[in-house]
Amino acid sequence: MSPVASGLAVVGWAVLTVGGYATIASSDRRWVREHGPRWTLWLGALAGVLIAVAAGSFSVWEQAGVYLLAVAGVLGYTAGATAAAGAAGLADAATNDGAPFARRVRAFWYASAVYFRGTRAAFALAFLAFALAAIVAGVSVDPLLRTVGSFSVGGAFACLTALAATGVFIPGGYDEDAAERVRATH
């Protein structure tokens with residue numbers, strides 16, 4: 001990768017990660033707890049449809065396929081951030097304000113794994129879309145397409161960061177105490 005492409009990848013990662021954090025931190029968590037799963041489902045389904053359309057458009061117009069994959073990645077990431085905001089709202093309700101950070105994180109991991117399963121699925125779907133866009137655009141000679149590909153590399157890394165934040169890579173990351181508190185609140 002060239003220095004410009006690497007810079008675009010870092011910018012893509014930073015924009016999506018900061019945007020996801022802002023969505024989770026500033027949202028009305030009660031509303032998201034109630035309506036977030038529906039929005040996650042619709043945004044995730046739209047991202048899935050766009051991936052299918054992009055796969056079909058490669059034989060006709062390669063550029064459109066890459067653009068659609070990048071848009072599908074952004075929609076999938078938005079769906080994951082919406083579901084993560086709902087899981088954060090449930091975890092906040094399950095723990096008191098003075099709870100240690102580790103207890104709150106474990107409650108969030110449990111809520112996102114059990115009650116907001118769309119969180120992990122949406123981030124995985126977004127990763128798939130971004131990775132495919134980056135792979136296809138990486139062999140292109142069109143400068144705009146390579147820019148979208150570099151952004152997609154950053155998007156794929158943002159999805160991996162989001163999956164790590166939701167505890168996907170930590171086996172048994174939540175304990176039974178966190179599970180009981182979240183179950184009692186839900």
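I looked up the largest nonpolar core of this predicted model, which has 17 residues, and noted that Ile 51, Val 66, Leu 69, Ala 72 and Leu 75 touch the most other members. A nonpolar core is here a set of buried Ala, Val, Leu, Ile, Met, Phe, Trp, Tyr and Cys residues joined through side-chain atoms within 4.5 Å, with buried meaning under 20% relative accessible area for a 1.4 Å probe and protein chains only. Two or more residues each are given to this core by α2 (29–57), α3 (62–94), α5 and α6, and α3 supplies the largest share, 6 residues; helices are DSSP runs of H or I with at least four residues, numbered from the N terminus.

I then checked Ala 72, which touches Ala 47, Leu 50, Ile 51 and Ala 129 when residues up to four places away in sequence are not counted, contact meaning heavy atoms within 4.5 Å. Another core lies apart from the largest one and has 14 residues, including Trp 109 and Ala 179.

Next I turned to α5 (residues 118–138) and α6 (residues 143–165), whose axes, lines fitted to C-alpha atoms over the stretch in contact, come within 8 Å and cross at roughly 155 degrees on a scale from 0 to 180 degrees between N-to-C directions. The two helices are therefore roughly antiparallel, a term for angles over 145 degrees. Their contact involves, among others, Phe 123, Phe 127 and Phe 130 of α5 and Phe 151, Val 153 and Leu 160 of α6.

For the record, residues are numbered from 1 along each chain as its sequence is written. Local features need pLDDT of at least 70 and side-chain atom pairs 80 or more, while totals for chains, interfaces and linings use all residues, and side-chain values use heavy atoms, without hydrogens and water.

Conventions. Angles under 35 degrees count as roughly parallel, over 145 as roughly antiparallel, 65 to 115 as roughly perpendicular and the rest as oblique. Buried means under 20% relative accessible area, exposed over 50%, partly exposed in between (1.4 Å probe, protein chains only).
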